[in-house]
Amino acid sequence: MRLGLDFKFVFSYGLAKVLWIFNKEEGRIYMETIVMRQPDDFHCHLREGEILKFVAPFTAGIFGRGLAMGNLARPITTAYDAVRYYREIVRACGSSRFKPIMSIMLTKKTNPNIIGDAGKRGIKTLKLIPGNTSTNSEDGISLWDIERSYLNLAAAQSVNMVFSIHCELLSDESGNAIPEEERESKAISFLDQLITFLPKLKIVIEHASTRDMIDYVKRAPENVAATLTLHHATLTRDDVYEMDGSIISHNYCKPIAKTADDREAVIEAMMSGNPKFFFGSDSAPHLESAKMRFPPAAGIFTAPVVLPALCDLFERRESLGRLEDFVSRFGSEFYGLPLNSGTIEIRKREWIAPEYIGGIKVFLGGTRFGWRVDSPIGLA
Ligand SMILES: [Zn+2]
């Protein structure tokens, strides 16, 4: 673009600015650059060991902070584990200024002393993944047993830890498995009781994926919020299952993507400006070998594409002015963290996402995005 002939102007939405350029020759205006507060990812799986070293820079290269989930081979269940994992993540991020936000898992072995200690050490989140829902969650607690954890949750409330919940009911009272697409909606009844017993506990419903859950979060007290993911704003069940019922493993995640109406509810909530809804990618990389087995490992590696894809999505809905609050403000405010002071530039440049990175399938790999983040790890 020949800037000598062009006229630049800027629209501001809070800290976010969108730079437009008017090209006199063509008589058209172009969106050129979004400058906005550095975003945070309030739900990511950074893994450990070699995979951590490989995937962490994709999060750390863009986000100021990321809430690191602790469902490792040996789950993160104490402050000691979390501090060790924090150091491992920081080492893997190299020179980046990325700050991990740490969590511990609520398991059958958790007790109030463990939580008190974690709170004192700056661990922000107590995470519940119901047993066997996610990678390495076998020691997790069923929602049917959640009352047995109320003392632990009271301890979390007293040290101002956030209770982060993968909210799916896996089986009914008789132990029969509940179909995947009904698990989230059927878990809602457990939340009312929890909120009544622990009215001041901050609760985040992770990766809300149904209109039922989103409506529930909207009408719940203000200490109840939800993270929303790119993949639940993109996929429906038809992208996960073939006509013959076989699984399209790279789109397989938990909670499973659902109907077009549920997806619409996720998108509407993202763009609603309601501070109860903020970004948590749930980026969950798995090696191809784990995705190709049956059943495939649940989880989708979205970190390399999340921001360009969200820009495209918000732009298509003429809602770019709402993006910064969703990714850079509402989550920090809910967690009581200072807003990031740095900014990030996203340019209106076409960019084709790689299909695979290091043997891990990238979500929407091969897609041509309209926006590109100038990333320190050289993805662009
Ligand atoms: Zn997750």
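The legends below describe close-up views of a predicted model. Local features are given where pLDDT is at least 70 and side-chain atom pairs count only at pLDDT 80 or more, while totals for chains, interfaces and linings use all residues. Residues are numbered from 1 along each chain as its sequence is written.

**View 1. Contact between helices H5 and H6.** The axes of H5 (residues 183–197) and H6 (residues 211–219) come within 8 Å and cross at roughly 25 degrees. Axes are lines fitted to C-alpha atoms, for helices over the stretch in contact, with angles from 0 to 180 degrees between N-to-C directions. Helices (H or I, at least four residues) and strands (E, at least two) are DSSP runs numbered from the N terminus. The crossing of H5 and H6 is left-handed, the near helix being turned anticlockwise from the far one by less than a right angle. H5 contributes Glu 184, Ser 185, Ile 188 and Leu 191 to the contact, and H6 contributes Asp 212, Met 213 and Tyr 216. Residues are in contact if their C-beta atoms, placed from the backbone, lie within 7 Å. Four residues of the contact of H5 with H6 are nonpolar, one is polar and two are charged. Here Ala, Val, Leu, Ile, Met, Phe, Trp, Tyr, Cys and Pro count as nonpolar, Asp, Glu, Lys and Arg as charged, and the others, Gly among them, as polar.

View 2. Asn 152, Leu 153, Ala 155, Ala 156 and Gln 157 of H4 (residues 150–158) are buried. Buried means 20 or more other C-beta atoms within 10 Å of the residue's own, exposed 12 or fewer, and partly exposed in between, with C-beta atoms placed from the backbone. The buried residues of H4 pack against helix H3 (112–120), strand S7 (125–128) and S8. Asn 160 lies in the loop between H4 and S8 and has a positive phi of about 60 degrees although it is not a glycine. Asn 160 counts as partly exposed because 13 other C-beta atoms lie within 10 Å.

**View 3. Ile 205 in the largest nonpolar core.** This core has 105 residues; such a core is a set of buried Ala, Val, Leu, Ile, Met, Phe, Trp, Tyr and Cys residues joined through C-beta atoms within 7 Å. Those with the most contacts inside the core are Ala 68, Ile 205, Val 217, Ala 226, Leu 228 and Leu 310. Beyond its neighbours within four places in sequence, Ile 205 is in contact with Ile 165, Cys 167, Met 213, Val 217 and Ala 226.

**View 4. Helix H9 and Glu 318.** In H9, the buried residues include Val 306, Leu 307, Pro 308, Ala 309, Leu 310, Cys 311 and Phe 314. Glu 318 lies in the loop between H9 and helix H10 (323–335), and its phi is positive, near 55 degrees. Glu 318 is exposed because it has 9 C-beta neighbours inside 10 Å.

**View 5. Two cis peptide bonds.** The bond from Lys 254 to Pro 255 is cis, with omega near -5 degrees. Pro 255 is in the loop between strand S10 (224–228) and helix H7 (260–270). The bond from Phe 294 to Pro 295 is also cis, with omega near -10 degrees. Pro 295 lies in the loop between helix H8 (288–292) and helix H9 (306–316).

Key
Contact = placed C-beta atoms within 7 Å.
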